[in-house]
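Work through the exercises below with the sequence and the structure side by side, trying each task before reading its solution.

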Amino acid sequence: MSTSMPVSHSPSAARSATINAAKILLVDDDPLIRRVLRMTLMSTGYVVVEAITGEEALEKVQAEGAVHMVLLDLRMPGIGGLETCRRIRKIADIPILVISILRDQEYKVQALDAGADDYLAKPFGIQELLSRMHALRTGTAVLESIPIV
């Protein structure tokens, strides 16, 4: 006889799931993007920490200590996404997924050369974002192929 219990949707169950979730640093200066991504990521069990500038992101990576992944926009005030990526890479060995409106191959290559693990051009589908995040967290990242010319 099976004794499986129905899944609980109680606040304590949600808190319990959140406690064990990965902490994601979301770095984007656009409040609408941050809000949509925060809500989406939190609804799937992630803990979300936000930063608006590269400088703030660096402070959070150092202060938070347990950040498991960074979602990083390239176009931000302050030091900008590429330099932020380089600096994060020097201080932390965590996956960095660039999310940017810049779609040209040149930007993708620059981001990857700066230390990004993957690149996702805006606009993107939430399922693709979540799949790429999962792949980066489990070490099975599949980069979008860049054609060799």
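**Exercise 1. Find what share of the contacts in the protein with a separation of 6 or more lies between residues 24 or more positions apart.**

Solution. Residues 24 or more positions apart account for 62% of the contacts with a separation of 6 or more, where contact means heavy atoms within 4.5 Å. The model is a predicted one, in which local features need pLDDT of at least 70 and side-chain atom pairs count only at pLDDT 80 or more, while totals for chains, interfaces and linings use all residues. Residues are numbered from 1 along each chain as its sequence is written, and side-chain values use heavy atoms, with hydrogens and water left out.

**Exercise 2. List the helices and strands in order along the sequence.**

Solution. Begin with the totals, which are six helices and five strands; these are DSSP runs numbered from the N terminus, with helices (H or I) of at least four residues and strands (E) of at least two. Then read along the sequence, where the pattern is α-β-α-β-α-β-α-β-α-β-α.

**Exercise 3. Describe how α2 and α6 pack.**

Solution. First, locate α2 at residues 31–43 and α6 at residues 126–138, whose axes are 12 Å apart at an angle of about 60 degrees; the axes are lines fitted to C-alpha atoms over the stretch in contact, and angles run from 0 to 180 degrees between N-to-C directions. Finally, identify the residues that make the contact, which are Leu37, Thr40 and Leu41 of α2 together with Ile126, Leu129, Leu130 and Met133 of α6.

**Exercise 4. Examine the largest nonpolar core and the second, separate one.**

Solution. A nonpolar core is a set of buried Ala, Val, Leu, Ile, Met, Phe, Trp, Tyr and Cys residues joined through side-chain atoms within 4.5 Å, and buried means under 20% relative accessible area with a 1.4 Å probe, protein chains only. The largest core has 24 residues, of which Leu25, Val27, Val70, Leu72, Ile88 and Tyr119 touch the most other members. Its largest share, three residues, comes from α3. The second core has 17 residues, including Val48, Leu129, Met133 and Leu136.

**Exercise 5. Which residues does a cis peptide bond join?**

Solution. The cis peptide bond joins lysine 122 and proline 123, with omega about -10 degrees, and proline 123 is found in the loop between β5 and α6.

Definitions and conventions:
Buried < 20%, exposed > 50% of the residue type's maximum accessible area, 1.4 Å probe, protein only.
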